[in-house]
Structure formats: C-alpha cells, structure tokens
Amino acid sequence: MASVEIMNAVKAYADQQVLHNVNIHVEDGEFVVLVGPSGCGKSTLLRMIAGLEDITGGEILIDGKVVNTKHPKDRDIAMVFQSYALYPHMTVEENMGFSLRMKKKDKAEQKRRVDESARILNLTNLLDRYPRQLSGGQRQRVAMGRAIVRDPKVFLFDEPLSNLDAKLRVQMRAEIKSLHQKLKTTIVYVTHDQIEAMTMADKIVVMHDGYIEQIGSPLELYDHPENLFVAGFMGSPSMNFIKGRVDGADPQCFLTQSGETLRLPYPVDIDSSRELVLGIRPEHFEVSEEGTEFKVVVIEPTGSEIQVILNLGGENVTAAFRDRLSLGPGDKVRLAMSKNGLHLFDSESGKRLNPDLYMQEVSPVH
C-alpha cells in the first residue's frame, strides 16, 4: 500500500484552467472520496493520478515518489471505471487473470491470485461464466477482481456504481467498503453522489469549479460545513437557506427578507445590520408551541421519515420528522430549531461564521 500526495496540481486545456492549485494528502490505507457536481474536475484529477491525463503544473507523488512523467503501467495503480470493460469472449476467470497473463506470471500464481480475489468478492461459483451471463453487480465485482489480482499500491475508482439501479448501488457500496476493510488498501474514489461519499469515505474532498471547497470526515463536513456550497451539497434533502439579519431589538429573532420573524434557538450576538444566510437542516426542526408558524405545502412520506415542505413568507423550506405527524396541505404548524442545528453564513462571501463568535450563554429560566 502507499500514500498519495497531490501538491499544487494544475490542469489546463489551452487557455482554460480546469484545476486550480489542488492539494490533497491521502494516507496509506485511507479511503478518500472526491465528490462534487458534474464538471468540478474530480474525474480529471483521478485520471491525472492514474497517468491518463498529463499534469500542467504541480506534483503527484505515490509512495513518496513523483510520478508526473511515469507511464500509467509504471505507477503501480489499478483503476475501476464506470463501464465494466470486460472481454466478452473471456470467462470471469480469464478476465480477472488477464493482466497476470500479460505479465507472464506463473500459472500457479495466476490461479492463486484469481481464486483469492474471487473468494473475497463472492465470485467463486461464477468463474466459468461469461460477462453476458452476469448481472450488472456481478460484472462490476469482476472488474474490481481484475484490479485486485494485480495487488497494486493504490486503487482508483471512477464512478463505478453509476450504471447500477438504486438497490444494487446500496449493496455495492457496502461491498466496496467491506473490501477496503479486508484489504486495508489505499483507495481514491470519484462520485457525484454525496450519499455514496458520506457512507463510504474515511475522508471526503468536496470540489467545485476546479477548486477544493473543503476536506474532512463525512460527519465533519455535514455538521461543520465551511461555506454555503458544502452546506447545500452535503445532505439529502439539502440544508435550508433563509436570507435575512438578526433583529437588533431581540437577538433571538431572525428577520427574513420577506419580513417574517423566525425564532432562533438562542440569542445571537452579531451586528443587526449584517446581511446573513441562516442555514438549518431538515431534521433540525421540531414541533413546538413556542416556535415559528409555518404553512404546510406538501407531505412526502418516505417510510423511515416524513418530509414536509413548508412555506414561510413565500419561501419554501423542508423539514423531516421521524414521528408520524397528522398534517395535510394548508395546515399550520409551529416549529422550533434545535440548538445544534443553527448555521449562519455571511451573505456576501458565503463563508460560515464561527459559532464561538456569536453564541451567547442562554440565561436559565427560573
């Protein structure tokens, strides 16, 4: 296994720069996910690590050695693509062992590696089948097995689950995470699906327009997003954003741009003239007679919870409840924000304000 170091990496096509001074450190044995919307540069960065794209500036190190000019086959990496790219005329066993045959490995060694990989991926009883006889999930496991037999220093995954249906994606997420726990290998994984990123990664790199917005553990990014982009991208349903400012006369009230008053979970010590964006995740609303009145617009039961789209002064927000609430369109409901659920962002820069700078101690009620 090996670490991966990306230092001030730049990628440009002619006069268009698509990656801007990217810095990422992947520890030996770490599972790192690059996540972001289409066009953010995550797949380009992965291909640069693999050697499939030239690097315009900066350095990429694998196992402490600069690999900028090394051929892909000399980087000791294995890549799993979105398309399975299996040879249709070869069996599962032949597909998995193809790279070993090209390296003229001993036949006994080929069989040992293929059999071990098949055991890890539950493919032992499928070794004699052809790709056309396999399901999508089985084909993806064969593609993973073909990478495993090479015993590389680093595994690279480029959106490997995007061709699978929803149920198979959930199953394969668990299988890939289990594989990582068994092999203790270094993985760099690209996806646009933030649920994949949250459930699989040790560390997430959120990218946008060729820049890194934030790096951290899944819960760190979810609970402490550094800016509006990360706050809105991580989480489903996404965080609610309401523009306004703190009421100068009552620091526990937030005045929205539409003129509504939103009760805060605690007084906020911040300049009342400062334009802010209040962020709150759907699950951080709770029914309370002391809360703000919202109008129910749409009810969306999902089974495990009920998602409710509500209106406050012409602006829609989403709340999520575990309880089976008896609500219907047009109903009024009073909701309060949980104390840990409040996020405030600067309206101009989009940066999250440090709660230590504005939280006040709430006096106990006697």
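Is C253 buried or exposed? C253 is buried, because its relative accessible area is 9%, and buried here means under 20%, exposed over 50%, and partly exposed in between, using a 1.4 Å probe and protein chains only.

Hi everyone, a quick word on what we are looking at. This is a predicted model, where local features need pLDDT of at least 70, side-chain atom pairs count only at pLDDT 80 or more, and totals for chains, interfaces and linings use all residues. Residues are numbered from 1 along each chain as its sequence is written, and side-chain values use heavy atoms, with hydrogens and water left out.

C40 is another buried residue, at 1% relative accessibility.

Now to salt bridges, meaning a side-chain nitrogen of Lys or Arg within 4 Å of a carboxyl oxygen of Asp or Glu. The structure holds 13 of them. In one, K11 pairs with E53, with the closest N and O atoms 3.6 Å apart. K11 sits in strand β1 and E53 in the loop between α1 and β4, so the pair ties together parts that are 42 residues apart in sequence. Helices (H or I, at least four residues) and strands (E, at least two) are DSSP runs, numbered from the N terminus. Both K11 and E53 are buried, and together with R47 they are linked in a network of salt bridges.

Here is another one to find on the screen: D346 meets R274 at 3.1 Å, N to O. D346 is in strand β19 and R274 in the loop between β13 and β14, so this bridge ties together parts 72 residues apart in sequence. D346 is buried at 13%, while R274 is partly exposed at 33%.
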